[in-house]
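Work through the exercises below with the model open. Each task is followed by its solution.

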Amino acid sequence: MATAMMMNSIKMSSSTPSLTPPSSSSASVNLPVRTIPGSYGLPLIGPISDRLDYFWFQGPETFFKKRMEEHKSSVFRTNIPPTFPLFVGVNPNMIAVLDCKAFAHLFDMDLVEKKNILIGDFMPSTSFTGNMRVGVYLDTTEPLHSQVKSFAAHILKRSSSVWVSEFISNLDIMWGTIEKEVKSNGSSSFLFPLQKCIFRFLTKSLFGADPMKSSEIGDKGHEMLDKWLALQLLPTQTLGVLPQPLEEILFHSFAYPFLLVSGDYNKLFEFVKTEGKEVVEIGMTEYGLNQEETIHNLLFILGFNAFGGFSVFLPSLLVSLGGDKTGLQEKLRKEVKEKVGSSSLSFSLVKEMELVNSFVYETLRFIPPVPFQYARARKDFVLSSYDSAFQVKKGELLCGYQPLVMKDPKVFDNPETFVADRFTKEKGQELLNYLYWSNGPQTGTPATSNKQCSAKDIVVLTASLLVADVLTRYDSFTVSSGSVTAVEKAK
Ligand code: HEM
């Protein structure tokens, strides 16, 4: 449904908005300080009623939109599941922040902390990560965060010499599989071949570990990570795979135990320990991590951050490219062919493709791969939106919902429309200050002092590379309902 809406609205436009820079520090001067609207309702009843609206009666997007309209405010109090009865000790009370200016407070590490709140107040059991809190759950004030984040930057830099070639050679395999299936069945659901490609290229480039050294890991590694991810995320996700109330009862009422995936996780652990030993050694000797910390952090970066992120983002990109009926594909292909000429694809070449990069940025804006970001007030502070300021108390949890924040009409012109060239030219460059998919502005720099995604730039380049690869490979490429339905090889 969302995909169909997106594809219907893909169009080209040269219009750009006038901007009011959202910065948490330009905060409250001269703005009236209001009480934050909304309430958490009666104990137990309020959280349950919000939970049912969120998962069942409304769904996340309508849930937030309705409350924003009702309170006439993009900042308000609400409950966000998981909650009662079996999530004892999880506090669903949060302050939703739904515009670019209010959301920017989530990046200000003087005002907020990020301890254990990757997916809200609910934190999956640490048994999923070797009984330890891996980097993404650590606040910037915890010394281990710096060690892990610097290590992540190191492995990314180290992988840069093979990243492109590994990606392209795994894409070759993936497209081979898809082409065969389209020929024999008329269509090919590309998610699993794409995930296999992502898993294999990431393990090789990030860890130097060849997944084909173990036929089980090479063939099934992506499925192992899928299950490990699903068990951690289930209590927070709207799936729509079972009719209600079954989904509520079976998926949102209790946390599933690690035991169900421990066998697979241990195999992945042993694989990284053996095949990625050079990288493991770097973590231990250069970043002061012990062997267990190094491997569990590597597995989290691989499985949750990188594989999880790409598995959500790259399909959106292919759907929006292959579903286009506006002539955008031809415009993108023209740019790609002009820039590539007879050269091989490289990051330096895709950096020059202004429209391709803009298309990638717009996909990140239109369907942010990680919809939620959370942050807890480190101290009392005043949070400002455009026309009001709000007193936030130390310890309160802020919940930013990117799909609405990235449609902020004060920043993005025609926010509900997919505008492929939105991020081109000077105005487009300015808009990158408001593109937040990486938990920071696209113009920001990931550092040990913040919680911005370490791979902020390489994710965009990799996505642009995928677009350029498809467009040089095929003269026509069609996706419908999540499957590739036609490909015409480039002449
Ligand atoms: C499309 C792919 C990706 C997406 C959508 C994505 C998104 C994100 C987001 C939203 C966060 C912030 C989470 C939070 O604290 O709220 C994050 C953090 C992080 N990401 Fe990515 N990411 C992607 C790929 C990668 C890759 C390839 C790496 C490989 C190194 C990576 C490494 C990290 C690390 C280490 C952090 C934690 C930063 C910190 O603790 O300071 N990510 N990512």
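Contact here means heavy atoms within 4.5 Å. The model is predicted: local features need pLDDT of at least 70, side-chain atom pairs count only at pLDDT 80 or more, and totals for chains, interfaces and linings use all residues. Residues are numbered from 1 along each chain as its sequence is written, and side-chain values use heavy atoms, without hydrogens and water.

**Exercise 1. Place Cys453 in the fold and list its contacts.**

Step 1. Find the segment. Cys453 sits in the loop between helix H16 (425-431) and helix H17 (456-473). Helices are DSSP runs of H or I with at least four residues, numbered from the N terminus.

Step 2. Set aside neighbours within four places in sequence. Cys453 then contacts Ser438 and Pro446.

Step 3. Check accessibility. Cys453 is partly exposed because its relative accessibility is 28%, and that class lies between buried (under 20%) and exposed (over 50%), using a 1.4 Å probe and protein chains only.

**Exercise 2. Which protein atom is the donor of the ligand's iron atom?**

Step 1. Apply the cut-off. Donors are N, O and S atoms within 2.8 Å of the metal (3.2 Å for Na, K and Ca); water is not among the atoms, so sites may look incomplete.

Step 2. Read off the atom. SG of Cys453 is the only protein donor, at 2.3 Å.

Note on methods: Helices (H or I, at least four residues) and strands (E, at least two) are DSSP runs, numbered from the N terminus.
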